[in-house]
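Biologist: I would like to go through a model and learn how to read its features. Please take them in turn.

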Protein chains: 2
Amino acid sequence: MEILSSNNVKVKTWQKYHIKKHRDKDNKFLIEGEHLIQEALKVNCVEVILIRKGVNTKFDHSQIIMVSDEVMRKLSKNVSLVDVIAVCHKIKYQQNKEERVIFLDDVQDPGNVGTIIRSAHSFGFDCVYLSKASADMYNEKTIRSTQGALFHIRIETLDILDKIVALKAEGCIVYATALTNAVGLSSIDKTSDSVALVFGNEGVGVSKEVIQLCDQSVFVEMSTFESLNVGIAAGICMYEFRK
Amino acid sequence: MEILSSNNVKVKTWQKYHIKKHRDKDNKFLIEGEHLIQEALKVNCVEVILIRKGVNTKFDHSQIIMVSDEVMRKLSKNVSLVDVIAVCHKIKYQQNKEERVIFLDDVQDPGNVGTIIRSAHSFGFDCVYLSKASADMYNEKTIRSTQGALFHIRIETLDILDKIVALKAEGCIVYATALTNAVGLSSIDKTSDSVALVFGNEGVGVSKEVIQLCDQSVFVEMSTFESLNVGIAAGICMYEFRK
């Protein structure tokens, strides 16, 4: 099968998935590039694979459509022409363990959210919970920055205050990253089996009400009184708490 | 003084500083936003400050020009309209200490280079040396990601092979980050006064010839066999080697 016109009704529908509202309505999202599609295939969330006509790429999938450069340009967020795009169903995670949890409290940059998801997977965390004002996990930039990790670690957008209360009730120790009234990361006892780390917004950090709920605030020790990118701070904390 | 037309000859010259070739020719670059300009003023590299007409911002500088929205849009790389832009001379660093050094071997993403510069400053490194194929330190995205750290830590683009040889001759211990034949970061002795860390390209890592020159390869321990963003890996290593 092939689609050559960018006015095709399916193309118009898929293009809308650049916008969160439409992704949420249809429970679908787009991914670009061979690596991400291979990762998505592992968890069976690929609905259709679109391959640019003339490109010699093979995928083991029942729904493959060849498309024109024009269609590819309409569906892609990349400045250069991409060879392959997939339309996916939103991911259904199997894993329900939540002994090692990352919370993002209004982290707004999709690149930061994606990088943190990638690090969380690498350092053996079970899930990443996003506050409602954090960047969407299905935003194209978020997905790209995860390098496919979002298919393998559970991610959910939820009310993080409620979830922190629930986890604490089950014995999880919850650390907020903050600069005031905080203990240095290297001094924190890291032996607890159940731990959660909260990282905050790029401008204002973790919100006061979240900090008050947490067991302890922790800071990343620095040589000069400067600031760190939230993705870097998160990577350092996760490394220190690695399993 | 004011400039209202985006066809003004000065505006045309400044706009060229979006391109490396022109920055290098004139030894100048552009920065956007109040925070970066305040940092640049501390090291006296600001030549002219352009303020959007109608904006109420005060700077202590002899060369201030009010400009139209049209001029601002032409000079800015930001999607939303910015209030203030400065034309700067390239930075002349005073500091010549090189006991704690970061090398970037073809790190290509300006966001990664900028973030690493920011972390290097925060963790007390003396300088960041960029290979010639790394992203330009004066690229607008690099500068933005440094959050102003580039004005305070020495950065230089040079032949990193030559520099590694020279530093080793002075007793500096040089570590390459790599995945094969490498020792875990947590096992490395970190007591040496003079140390250099080398981080590599996003796709291929540190080049073989650089690895061969280094004293030891080091890897960041992970729970699953996954990969880390180079900015994150660098942040973790620098934290572990913090002064």
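Modeller: Chain A is divided into domain 1 (2-89) and domain 2 (100-240), with bounds from an automatic or database domain assignment. This is a predicted model, in which local features need pLDDT of at least 70, side-chain atom pairs count only at pLDDT 80 or more, and totals for chains, interfaces and linings use all residues. Residues are numbered from 1 along each chain as its sequence is written, chains are lettered from A and ligands numbered from 1 in the order in which they are written, and side-chain values use heavy atoms, leaving out hydrogens and water.

Biologist: What area is buried between domain 1 of chain A and domain 2 of chain A?

Modeller: Buried area is the accessible area (1.4 Å probe) that two parts lose on being put together, summed over both. Here the value is about 1,000 Å², and carbon and sulfur atoms give 70% of that. On the side of domain 1 of chain A, Arg23(A), Phe29(A) and Leu36(A) lose the most area to domain 2 of chain A, together 41% of what that side buries.

Biologist: How many salt bridges does the rule find across this interface?

Modeller: The rule asks for a side-chain nitrogen of Lys or Arg within 4 Å of a carboxyl oxygen of Asp or Glu. It finds 1 between domain 1 of chain A and domain 2 of chain A. Arg23(A) also forms a salt bridge with Asp136(A), with the closest N and O atoms 2.7 Å apart.

Biologist: How is chain A related to chain B?

Modeller: Two copies of a chain are related by a rotation about an axis and a shift along it. Superposing chain A on chain B takes a rotation of 180 degrees with 0.0 Å of shift along the axis (RMSD 0.0 Å), by least squares on the C-alpha atoms of residues with pLDDT of at least 70 in both. That is the relation of a two-fold axis.
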